Amino acid sequence: MKSKEKLTDNQIVQLNNIGEKLRKLRIQKGYSNYENFAYDHGLNRANYGRYENGANLRISTLISILECHHMNLEEFFRLEQ
């Protein structure tokens, strides 16, 4: 897996956009704290916080997170920022 330092500027922007979408979904679900959301859904709390902050993540991890929101990849990527 690439570290964030080896990513292109565009890749970093895209990961930050994904993180922001995840943050908005969490807040819409009524969670003001990412740790509580992660804990309640069986996700690693430290990693989940990193994902919301734009860390690189695997597609399978994103799918697992989206399952908590009852949505698929297509729905997620159609969401407006």
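**Questions on helices, burial and ring pairs**

Author: Tyrosine 51 is found in helix 3, where a helix is a DSSP run of H or I with at least four residues, a strand is a run of E with at least two, and both are numbered from the N terminus. This is a predicted model, in which local features need pLDDT of at least 70 and side-chain atom pairs count only at pLDDT 80 or more, while totals for chains, interfaces and linings use all residues. Residues are numbered from 1 along each chain as its sequence is written, and side-chain values use heavy atoms, with hydrogens and water left out.

Reader: Why is tyrosine 51 called buried?

Author: Its relative accessibility is 14%. Buried means under 20% relative accessible area, exposed means over 50%, and partly exposed lies in between (1.4 Å probe, protein chains only). Tyrosine 51, at 14%, therefore counts as buried.

Reader: Which residues are in contact with tyrosine 51, apart from its neighbours within four places in sequence?

Author: Contact requires heavy atoms within 4.5 Å. Under that rule tyrosine 51 is in contact with Gly19, Leu22, Asn56, Leu57, Thr61 and Ile65. Glycine 19 is 32 residues away from tyrosine 51 in sequence, yet the C-alpha to C-alpha separation is 5.6 Å.

Reader: How do you know that the buried residues of helix 3 are on the same side of it?

Author: The residues in question are Tyr48, Gly49, Tyr51 and Glu52. They cover an arc of only 160 degrees around the axis, so they lie on the same side of helix 3; the arc is taken from the directions that run from the helix axis to the C-beta atoms. Helix 1, helix 2 and helix 4 are among what covers these buried residues.

Reader: Why is the approach of glutamate 52 to tyrosine 48 called a polar contact?

Author: The two side chains meet at 2.9 Å. A polar contact is a pair of N or O atoms within 3.5 Å; within protein, one atom must be able to donate a hydrogen and the other to accept it, and residues adjacent in sequence count only if both atoms are side-chain atoms.

Reader: What lies at the two ends of helix 3?

Author: At its start, a side-chain oxygen of asparagine 44 reaches to within 3.1 Å of the backbone nitrogen of alanine 46. Helix 3 is followed by glycine 54, whose phi is positive, near 95 degrees.

Reader: How many aromatic pairs are there?

Author: Rings of Phe, Tyr and Trp (its six-membered ring) pair if their centres lie within 6.5 Å; planes under 30 degrees apart count as stacked, over 60 as edge-to-face and the rest as tilted. By this rule there are three aromatic pairs.

Reader: Why is the pair of tyrosine 31 and phenylalanine 37 called edge-to-face?

Author: Their ring centres are 5.3 Å apart and the planes stand at 80 degrees. The angle is over 60, and the pair is therefore edge-to-face. Ring pairs also link Tyr31, Phe37 and Tyr48 into a cluster.

Reader: What makes phenylalanine 76 and phenylalanine 77 an edge-to-face pair?

Author: The separation is 5.1 Å centre to centre, with 75 degrees between the planes. As for burial, phenylalanine 76 has 0% relative accessibility and is buried, whereas phenylalanine 77, at 47%, is partly exposed.

Reader: How do you know that the charge of lysine 21 sits over the ring of phenylalanine 76?

Author: The charged end of lysine 21 is 5.3 Å from the ring centre. A charge sits over a ring if NZ of Lys or CZ of Arg is within 6 Å of the ring centre and within 35 degrees of the ring normal. Lysine 21 is also among the residues that phenylalanine 76 touches, as are Ile18, Leu22 and Met71.

Reader: Why is histidine 70 called exposed?

Author: Histidine 70 has a relative accessible area of 69% and therefore counts as exposed. Histidine 70 is in the loop between helix 4 (59-68) and helix 5 (73-78), and its phi is positive, near 55 degrees. Most residues other than glycine have a negative phi.
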